[in-house]
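This briefing goes through selected side-chain interactions, grouped by topic. Please read it alongside the sequence and the coordinates.

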Amino acid sequence: MEQTSEKSRSLELIIEGIKNPKNEFTPIPFWFLNDTLTKEELIHQIHDFYNKGVNGFVIHPRIGVPKELVYLSDEFMKYVTIMVEEAKKLNMKVVLYDEAMYPSGSAHGMVVKNHQEYASRGLKMKKAEGRAPSLTLNEAEQKDLLTALAVRKSAEGYELSTVHGLKEERGVIALDKLAEDNEEWAVFAFFDKFTGGHIRGIHFGEDDGEGNEPPSADLLNPDAVLEFMKLTHERYYEVLKEHFGETVIGMFTDEPDIMGRDHEAGLLAWTKDFLLFAQEYKLSENELFLLWEDTSDNGIVKGAVREAAIKAQKKYRTAVNKRMEETYYKPLSAWCEAHNIALTGHPHESDDIGFMKYFQMPAQDVVWRWVAPEDNLGIEGQHSTMAKCTSDSARHRGIRRNGNECFACCGAGKIEWAFTVRDMKWYMDWLFVRGVNLLYPHAFFYSVDGERRFGERPPDVGPNNTWWPFYRQISDYMKRMSFLMTDYTNSASVAILCEAHHLPWKAAKMLFENQIEFNYLEEELCQLSECQIQDGRIIIKAQSYSVVIIEDADRYHACKEVLSLFIKQGGHLVVLDSDEAVKMTGAKAWIAESETALIDQLRSFSADRFQTITPKRSLRMTHGQKAEQELFLFTNEGEELIETKLVLPYTGAIWSLDAFTGTVNKVIVKPFDCMDSNLGTTLHVAYQSAGALTQVPLTLQPRESVVYLMDRKENMDEQDSQPLRSDKDFKQYEIAGSWSMTFEDGRKITANMPLYWNELPDFKNYSGKVVCEIEFIYDKEITGDEKITIGKVHEFARIILNDTDLGVLFWEPFVFDARHALQKNNKLIIECFNTPANFYSKKPLLSGLEDVNVLYYE
């Protein structure tokens, strides 16, 4: 392509990044160090990663490490140094992991071992009711007693005006007055105590319920966190300081849990002197009893008491989260910044966006198939927000990279080893289209020796999986997409207002399903100087919003002044299912009465955005600018073919990028008439003033994605082109006969279609490669249009036709280009691979293939 302008040169740089993926954007997998370590094996595996296009790893001690290898000891650090120095030789990057094994904050229990008082703490409540209620405390309870309260009961649950304190006398807390007839009281005692929580350790015997679990530390105690950092962070720096900022680029903290795993039931997160801290956030001692009340419609408290409980619980959560910021995230962030590495990792909850500001590389965690292709799990519920939790926090703070620890325990049907590349592609696209640009695959297993290792949060998504020989294609895809989503600014003009620890998903679902791009905007950011209101737009960093959506107006009173100014200047406020925003802002807000009304109104507000002629519920998109080019990413999150047309409110030359194969093609497009009757009123109104339009066809199979790049300075390509032949235009030539099937252990059988080895008793638990081979005569005229197609494959296949490698395909349609390979007399080899589930999980899942044909055109 001729370099005619600065813009076209920038286009070439993007295309070069697709054709030759950059190592900077490598996946950085968790490397489970779960067995006896040797220098030779560590170096061997690092080179194996490198040869598959993996240019980084997280050093993650995992259960299975021999007890003789003490965490952070000189011997342990010897192996860490071997890994880091070998990575340096290969220009690979290393992320350190701050725990053994998780959740973070305990230093394998050494924090508490050195200081028993640093164990995690919680607040316990005991209650008695009646005309003369009392509580008898044992010796431990007397020691842990924080305070006691009494309150008279009422029809709404409690009479709040009667709350008062009580004193413990000789181990008894009793009502200090005589109840009147038909009057009942409640007496509460509150105890500040150790939770008994723990983390999962790295040696056998240290897992949940095994008896030797390392105790969890008090993360709300700044002294305990400083001890954790001294033991962990300073130790790594002592040994590896010459590598910090070069080979060592980050420290991963993993879902810190304030009370620890398996803590005593019924406790709330607490620490010494926390009541005094909570009072800064307006939580009073007399409200403590409300923290345990059920505020749902099924709860016993009603009316004003229910509202008081809701407010008290919100004040408590705010205080806990603010304390966690001050004692944990802020110190870790400052330490990493001072030592020239990034704090990365993720908090405990999927929508903890308020903690993200402390991460130089914020991340989240797709695990347990909480997000999945089925049952709308990709767009419904708390976990569906996690990708934009990191990407939107990053974009609003000018942070370049944001990540996700992905794939753990994500096999379908709760069979973790049944995870497929087909599903992996869905997860990758789910993350990329939402703005994530760094993947931490979970995990590569150092060892799969024994069920305690291969069964520990599987699957291995790297060397011990059947797809590993072809992993370069997967890692290249991760690199290409991470590259495209880095230094990229999406064009969202719609913001969904959110709290620090709550991301609304109902409004987001409507926008996803109607291809309207949005970003989550934190309430906190609206009150900072970095956020400007100009000409009816909220501007923060490179983002600019003319529409703000509020899902629950009751939550956002702190934004009243900002939103009022926004509306006064011409901004649009939309509220779902509430007229509360009118009161909140003192200005007119538009109330969304239905999804259809919401979408139509948003279309009219956002006339400068592209549209699909027919919205597709499973189509996801992002549009924005990268290196001055217009970039569009489309993914199919459903199980059906998507066929539609895009209408863009500008013109230019368009290139199609297939990031999985690295191919780049010019797209034939044509101008578009906005008066076309097929568009409907909404599209016509929105595009009347847009000027020249462009129509682009879009076809996506399930698991497919496509990137369009538009150079608006170059003329669109409108030449007439030969219509592409659909597979429907082809005829089938059956490849019939007996197939030989050779297994990796040397066994051979002969069979006819369909070839499913799991149905054979001797092979039902076989996982791996099976070489299916047949010779056949093709007696049709060879035109150069022929393809080899496989009707069904479980799970993926590679074809070699007459010694010509036709490639590997991981999901349907399994159609291989046979041009230049097909002859009259043919030798066809199909290497078919299933998942490791048949072997490791002992599940005889469908494994094999059926219906092999030549597609030809006449």
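Rings of Phe, Tyr and Trp, the last taken by its six-membered ring, pair if their centres lie within 6.5 Å, and planes under 30 degrees apart count as stacked, over 60 as edge-to-face and the rest as tilted. The structure is a predicted model, and a search of the whole of it finds 60 aromatic pairs. The structure also holds 51 salt bridges.

**Aromatic pairs and cluster**

- The pair of Trp-31 and Tyr-446 is tilted, because the ring centres are 6.5 Å apart and the planes stand at 50°.
- Trp-31 lies in strand S1 (residues 30-33) and Tyr-446 in the loop between strand S15 (438-445) and helix H12 (451-454), so this pair ties together parts that are 415 residues apart in sequence; Trp-31 and Tyr-446 are both buried.
- Phe-454 and Tyr-840 form another aromatic pair that is tilted, with 4.6 Å from centre to centre and 40° between the planes.
- This second pair links distant parts of the chain, since Phe-454 belongs to helix H12 and Tyr-840 to helix H20 (residues 837-840), 386 residues apart.
- Phe-454 counts as buried because its relative accessible area of 16% falls under the 20% cut-off, and Tyr-840, with a relative accessible area of 17%, is buried as well.
- One aromatic cluster is formed by Phe-432, Phe-470, Tyr-477, Phe-660, Phe-796, Phe-810, Trp-811 and Phe-833.

**Charges over rings**

- Arg-434 lies over the face of Phe-512, at 4.4 Å from the ring centre.
- Lys-842 is placed over the face of Phe-839, with a distance of 4.4 Å from the ring centre.

**Salt bridges**

- Side chains of opposite charge can pair when their charged atoms come close.
- In the salt bridge between Lys-52 and Asp-48, the closest N and O atoms are 3.1 Å apart, and both Lys-52 and Asp-48 are buried.
- Arg-121 and Asp-192 meet through their side chains in a salt bridge of 2.8 Å, N to O.
- Asp-817 forms a salt bridge with Arg-819, in which the closest N and O atoms are 2.6 Å apart; Asp-817 counts as partly exposed at 34% relative accessibility, and Arg-819 is partly exposed with a relative accessible area of 46%.
- A network of salt bridges links Arg-369, Glu-374, Arg-422, Asp-423, Glu-639, Arg-703 and Glu-812.

- Glu-206 is found in the loop between strand S9 (185-194) and helix H6 (222-231), where the residue is buried yet has no salt bridge.
- The nearest side chain of opposite charge to Glu-206 is Lys-67, which is 6.6 Å away, whereas a salt bridge requires a side-chain nitrogen of Lys or Arg within 4 Å of a carboxyl oxygen of Asp or Glu.
- The side chain of Glu-206 does reach the backbone nitrogen of Ile-202, at 3.1 Å.
- Not counting residues up to four places away in sequence, Glu-206 touches His-108, Ile-199, Arg-200, Gly-201, Asn-212, Glu-213 and Pro-214.

Methods: Residues are numbered from 1 along each chain as its sequence is written. This is a predicted model: local features need pLDDT of at least 70, side-chain atom pairs count only at pLDDT 80 or more; totals for chains, interfaces and linings use all residues. Side-chain values use heavy atoms; hydrogens and water are left out. Helices (H or I, at least four residues) and strands (E, at least two) are DSSP runs, numbered from the N terminus. Buried means under 20% relative accessible area, exposed over 50%, partly exposed in between (1.4 Å probe, protein chains only). Lys and Arg count as positive and Asp and Glu as negative; His and the chain ends are not counted. A polar contact is a pair of N or O atoms within 3.5 Å; within protein, one must be able to donate a hydrogen and the other to accept it, and residues adjacent in sequence count only if both atoms are side-chain atoms. Contact means heavy atoms within 4.5 Å. A charge sits over a ring if NZ of Lys or CZ of Arg is within 6 Å of the ring centre and within 35 degrees of the ring normal.
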